[in-house]
Amino acid sequence: MSKIIYPKLIKENDLIGITATSSGVSEEHDLLRLENAYKNLNKLSYRVIETNNVRTQEKLVSSSGFKRAEEFMSLWENKDISLIAQVRGGEFLMEMIPFIDENVIKNNSPKWISGYSDSSLLNYYLTTNYNIASLTTTNILNFGMNDIHLSVMNSIECIKSQKFVEKSYDLYQFSHSSKEENPYIGYNLTHKVEYKHLYNKNKDKISGRILGGCIDVITILLGTKYDKTTSFIEQFDEGILWCIENCELSVAELYRKLWQMKESGWFKNAKGFIIGRSRSIEDYGDFTYEDTLHKIFDDMDVPVIYDIDFGHLAPRMSIINGAFATFEYENHKGKLTQEMK
């Protein structure tokens, strides 16, 4: 019997609650994109409501940590809502964590919560502290494209059935399109997708409970009372398939963070690692990105696949934290199967 609590599957005409757990939306081009996202979601047969802080922004956040937690919990308590979607990422989501009421989380029916980047911290916290499955995937603004990318559509499709399969994409975006010139513009897909195996195998396979997010922010929990990672991972005999990505850390900073995770026991039940693409891979003197990965993983004897479709260089796969997952790698491509069991 699964130790993971899965919210109910989403279906047409369900209500989606939008909130700003980190940054809000205040610039004109983003507001236009947000309105278009709502129109597109309506066309897809979903209803949408938003909290009061979605369209506010000051000092890099939508509102105080207390207010963001209050708005989030108001959606969690709303019995009509099936999915809480975070409007965008940002910098300081951690400020709201101390104000999340454990009784509110435990005494109401669980809901899907989606988002990535800074928003992935809330997803990770809910899964590791309460065993509630969460969804690390695109933020809601990406539904504001006129031509919605398949990966964005999959951020909802993946929670409509008990099993979901997503394959690697062909091209990825290295530099963003100008939303100021065209608020509804889609991804600027220019570079070939090429997954890499750290140990140069042509084929490999990893299975386990999938868990992860943006390494810049999930590691904020280390050493705090909100870090329940080791007790979470110890529940699963099948082990953990880690899915992580780096937004802004230099290769030296990334090495320090991975070392801290490893020495804190986060990786002791790891079956393998899939790591998202990153811009932050420039050599630090004679120390390379691959040096970081080898220094952390070589003594673990597990598969490590990197430059996958996850993280800040879209498109990104949708990761259901807590689901049983199998990742299959072959000749620089990949397939991720996630099951709610």
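**Exercise 1. State how much space lies in the second largest cavity, and describe its lining by class.**

Solution. The second largest cavity holds about 40 Å³ of space, where a cavity is a set of points, on a 1 Å grid over the protein atoms alone, at which a 1.4 Å probe fits but cannot get out, and a volume is the space filled by probe spheres set on the points, which are joined across faces, edges and corners. The model is a predicted one, in which local features need pLDDT of at least 70 and side-chain atom pairs count only at pLDDT 80 or more, while totals for chains, interfaces and linings use all residues. Residues are numbered from 1 along each chain as its sequence is written, and side-chain values use heavy atoms, with hydrogens and water left out.

Next, take the lining, whose residues have an atom within 4 Å of a point: Leu83, Ser114, Leu135, Thr137, Thr138, Ile140, Phe143, Ser155 and Ile156 line this second largest cavity. Sorted by class, they give 5 nonpolar, 4 polar and no charged residues, with Ala, Val, Leu, Ile, Met, Phe, Trp, Tyr, Cys and Pro counted as nonpolar, Asp, Glu, Lys and Arg as charged, and the others, Gly among them, as polar.

**Exercise 2. Find the largest cavity and say which elements give two or more residues to its lining.**

Solution. The search of the whole structure finds 2 cavities of 30 Å³ or more, and the largest contains about 70 Å³ of space. Among the residues that line the largest cavity are Ile215, Glu245, Leu254, Gly276 and Tyr289. Two or more lining residues come from each of strand E11 (240-245), helix H8 (251-263), strand E12 (270-276) and helix H9 (289-297). The lining of the largest cavity has 7 nonpolar, 2 polar and 1 charged residues.

**Exercise 3. Work out how strand E15 is paired with E10 and E16.**

Solution. Begin with burial: 5 of the 7 residues of E15 (residues 324-330) are buried, so this strand is largely enclosed by the rest of the structure. Strand E10 (residues 203-214) pairs with E15 in the antiparallel sense over 7 bridges, since two strands pair if DSSP finds at least two bridges between them. Here Ile206 stands opposite Phe327, and Asp204 stands opposite Tyr329.

Then turn to strand E16 (residues 333-339), which runs antiparallel to E15 and is joined to it by 7 bridges; Leu336 in E16 is the bridge partner of Phe327. E15 and E16 form a hairpin with 2 residues between them, and Asn331 in the turn has a positive phi of about 50°.

Note on methods
1 Å grid on protein atoms, 1.4 Å probe; cavity = no way out; pocket = protein on both sides within 12 Å on 5 of 7 lines; lining within 4 Å. Helix = DSSP H or I, 4+ residues; strand = E, 2+ residues; numbered from the N terminus. Buried < 20%, exposed > 50% of the residue type's maximum accessible area, 1.4 Å probe, protein only.
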